[in-house]
Amino acid sequence: ALKSAISSQLFQSKRIHESLVLALAALIGSLHIQIGPETGCFLVEEFSFEFRDLMTTARDLGGIKAQQGEVSIARASNFLAVLGALYNFQIIGANLVFELIRVLCEDLDETNVEFLLLLLQQSGFALRRDDPRALKEIVQLVQNQAKDRLEA
C-alpha cells in the first residue's frame, strides 16, 4: 500500500515539483530509519526497476519526439529525482548512483542526457564530495562518448 501511494505521486505524466521529491525522499528516509533498512531498500529497489522500465519504454516509443515517450520520460525523471534525493539523504550509496550514471552514459542519446543532467543537478555536489575520482571517470566517459558521436 505504501509503495503504491508513493508510486502514484511519481507516476504523473509531468515532472513533479522539487519540494514533493524532497518530501517523498524524506518520508522514505524516515521509514528507513524508524521501521528498518528493509523498508527503504525495498522502495529503492522498486523505484530502480520502475526507472529502468520507464526508460526502456521511452526509448521504444521514440523518446522525446513522441507524446507517449514524453510521458514515460517525465515519469522516469520523477523516479530518478527521488533516487537522487535519497542519495543526498544518505539512504543509498554512491555506488548505485554511479552505476545509474554509467548506464545512462552507455548510449548518450537525447533522453539519457536529460536523465544524466537531472541526476547530476540533484546530487552532483554530493557525488563530488564523496568520490571525486569516480566522478572524474564519468566526466571522461561522457567526453569520450561525445567525441565518438561527433566523429560518427
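Visitor: Where does Q90 lie?
Guide: Q90 sits in the loop between α4 and α5. Bear in mind that this is a predicted model.

Visitor: What makes Q90 exposed rather than buried?
Guide: Its relative accessible area is 64%. The cut-off for exposed is over 50%, so Q90 counts as exposed.

Visitor: What is there to say about the phi of Q90?
Guide: Phi is near 60° there, a positive value in a residue that isn't glycine. Most residues other than glycine have a negative phi.

Visitor: On to the rings. How many aromatic pairs are there?
Guide: Ring centres have to lie within 6.5 Å to pair, and by that rule you get three aromatic pairs. One of them joins F11 and F79, with 6.0 Å from centre to centre and 80° between the planes.

Visitor: Why is the pair of F11 and F79 called edge-to-face?
Guide: Planes over 60 degrees apart count as edge-to-face. F11 and F79 have 80° between their planes, so edge-to-face it is.

Visitor: How do you know whether F79 is buried or exposed?
Guide: Buried means under 20%. F79 has a relative accessible area of 0%, so it is buried.

Visitor: And what is F11 called, at 32% relative accessibility?
Guide: Partly exposed, because 32% falls between the 20% and 50% limits. Leaving out residues up to four places away in sequence, F11 touches E50, L54, R75 and F79. E137, by contrast, is 126 residues from F11 in sequence and 32 Å from it in space, C-alpha to C-alpha.

Visitor: Now the helices. How do you describe two packed ones?
Guide: With the angle between their axes and the distance between the axes.

Visitor: What are those values for α1 and α2?
Guide: Their axes come within 11 Å and cross at roughly 165°. Over 145 degrees counts as roughly antiparallel, so α1 is roughly antiparallel to α2. The crossing itself is left-handed.

Visitor: Which residues meet between α1 and α2?
Guide: On the α1 side you have L2, I6, Q9 and L10, and on the α2 side L20, L24, L27, I28 and L31.

Visitor: What does Q9 in particular contact?
Guide: Setting aside neighbours within four places in sequence, Q9 is in contact with I16, L20 and L24. At 31% relative accessibility, Q9 falls between the 20% and 50% limits and so counts as partly exposed.

Visitor: What about the axes of α1 and α3?
Guide: The axes of α1 and α3 come within 11 Å too, and cross at roughly 40°.

Visitor: Which residues touch the most other members in the largest nonpolar core?
Guide: That core has 43 residues, and the ones touching the most other members are L10, F47, F51, L86, F98, I101 and F115. At least two residues come from each of α1, α2, α3 (37-60), α4, α5 (94-106), α6 (110-130) and α7 (132-151). Helix α4 gives the most, with 10 residues.

Visitor: What does I101 touch?
Guide: Not counting residues up to four places away in sequence, I101 touches L116, L119, L120, L127 and I138.

Visitor: Last one: why does E70 count as partly exposed?
Guide: E70, found in helix α4, has 46% relative accessibility. Exposed needs over 50% and buried needs under 20%, so E70 ends up partly exposed.

Definitions and conventions
Residues numbered from 1 in each chain as written. Predicted model: local features only at pLDDT ≥ 70, side-chain atom pairs only at ≥ 80, totals over all residues. Heavy atoms only, no water. Phe/Tyr/Trp six-rings, centres within 6.5 Å; stacked < 30°, edge-to-face > 60°. Buried < 20%, exposed > 50% of the residue type's maximum accessible area, 1.4 Å probe, protein only. Core = buried A, V, L, I, M, F, W, Y, C linked by side-chain atoms within 4.5 Å. Helix = DSSP H or I, 4+ residues; strand = E, 2+ residues; numbered from the N terminus. Contact = heavy atoms within 4.5 Å. Axes fitted to C-alpha atoms, helices over the stretch in contact; angles between N-to-C directions. Parallel < 35°, antiparallel > 145°, perpendicular 65-115°, else oblique. Left-handed = near helix turned anticlockwise from the far one by under 90°.
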